[in-house]
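Reader: I would like to learn how to read aromatic pairs and helix ends in a model. Can you take me through a case?

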Amino acid sequence: QEVSSERWIAIPEPVMDVLGIWRPSPMMRALSFEKALGTPAKIYYKNEGVSPPGSHKPNTAIPQAYYNKEFGIERMTTETGAGQWGSALSFACAQFGMSCRVYMVRISFDQKPFRKIMMQTWGAEVFPSPTNMTQSGQHILAAHPDSPGSLGIAISEAVEEAAGRKDTNYALGSVLNHVLLHQTIIGEEAKKQLALVGDYADKIYAPCGGGSNFGGIAFPFFADKAAGKDVTLVAVEPSSCPSLTKGVYAYDFGDTEGLTPLMKMYTLGHDFIPDDIHAGGLRYHGMSPLISHIYELGMMEAISIGQTECFQAGVQFARTEGIVPAPEPTHALAATVRE
């Protein structure tokens, strides 16, 4: 699936059975939000928070766990930043009777203890990264004993462990082609839901860290755009980790220690560490090669917004629509408020 040229990939029945717990996810019109903004625009939002782990991440965690189980893998390792991906893979592994070990960025591990408890409830082991359990972690700690960690460091640790065990594979929650493929279930549903009310999107806004959230909602609309539809796709990233808007388009490693293959992407450098104060996810140093490619071609837009403005938009959304959004989608909300 990472290199497939097929237009459609069939979803296996065991995967569909688990996805059916919460999919299709609701498409809502934010009428109270519109009224508060005094806008004539119609604002729709796709609520991926209804999944058991509370984000879009299990859309790819479930198939990744399933395929690994089918090939005889017993354990999965991964990294997580704010905790959504670690939670999703922990849930997915529980569904298929697999073990899961999560290396969680230390600053998030300290700031978000309940994410750790959620992962442990689903049977996963969770460790604050960098750790002394891997050579990668030991190398970082020797140079920076008080390192807050980064996704790049946590990826190095998880990849290193998986590479040393035959019963273990590594899973990534964003960036890679197959991950964005799995996430397009969001946009495919969104198009059908909009069609049910006789509507279509003029602009798509989505938060963008490694790219799976943006790709998931935007890529099905990108197919329409490529066929001539007038739709604008806007990736919204934090100003504290602006890989598209401030990065360079180059070959770079996906992790801090250089254990992964080189990928051509917009990157801030594989040794980049976001400021400790940055809340939420969207902290990855690079960007999906697919998204990087269409951005380089000028077929989508990207903006970066500071977290104070994002949080203000999130609070306004909570006070009007009733849903308290995660830090990540508040970036898309802030861009919507600007528009």
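Predicted model: local features only at pLDDT ≥ 70, side-chain atom pairs only at ≥ 80, totals over all residues.

Reader: How many aromatic pairs does the structure hold?

Author: A pair of aromatic rings is described by the distance of the centres and the angle of the planes. The structure holds 10 such pairs. One of them joins Phe-33 and Phe-317, edge-to-face, at 5.2 Å centre to centre and 80° between the planes.

Reader: Which parts does the pair of Phe-33 and Phe-317 tie together?

Author: Phe-33 lies in helix α2 and Phe-317 in helix α14, so the pair ties together parts 284 residues apart in sequence. Phe-33 is buried, at 0% relative accessible area. Phe-317 is also buried, at 4%.

Tyr-266 and Tyr-295 are another edge-to-face pair: 5.3 Å between centres, 70° between planes. Tyr-266 is in strand β10 and Tyr-295 in helix α13, 29 residues apart. Tyr-266 is buried, at 9%.

Reader: Which rings link into a cluster?

Author: Ring pairs link Trp-22, Phe-91 and Trp-122.

Reader: Where do the charged ends of Arg-7 and Lys-229 sit?

Author: That of Arg-7 sits over the ring of Trp-8, 4.4 Å from its centre. That of Lys-229 sits over the ring of Tyr-200, 4.2 Å from its centre.

Reader: Which residues of helix α13 are buried?

Author: Ile-291, Ser-292 and Ile-294 are buried. Their cover includes α9, α11, α12, β9 and β10.

Reader: What caps the N-terminal end of α13?

Author: Ser-288 does, with a side-chain oxygen 3.2 Å from the backbone nitrogen of Leu-290. After α13 comes Gly-298, with a positive phi near 75°.

Technical notes. Residues numbered from 1 in each chain as written. Heavy atoms only, no water. Buried < 20%, exposed > 50% of the residue type's maximum accessible area, 1.4 Å probe, protein only. Helix = DSSP H or I, 4+ residues; strand = E, 2+ residues; numbered from the N terminus. Contact = heavy atoms within 4.5 Å. Polar contact = N/O pair within 3.5 Å; in protein donor to acceptor, adjacent residues only side chain to side chain. Phe/Tyr/Trp six-rings, centres within 6.5 Å; stacked < 30°, edge-to-face > 60°. Lys NZ or Arg CZ within 6 Å of the ring centre and 35° of its normal.
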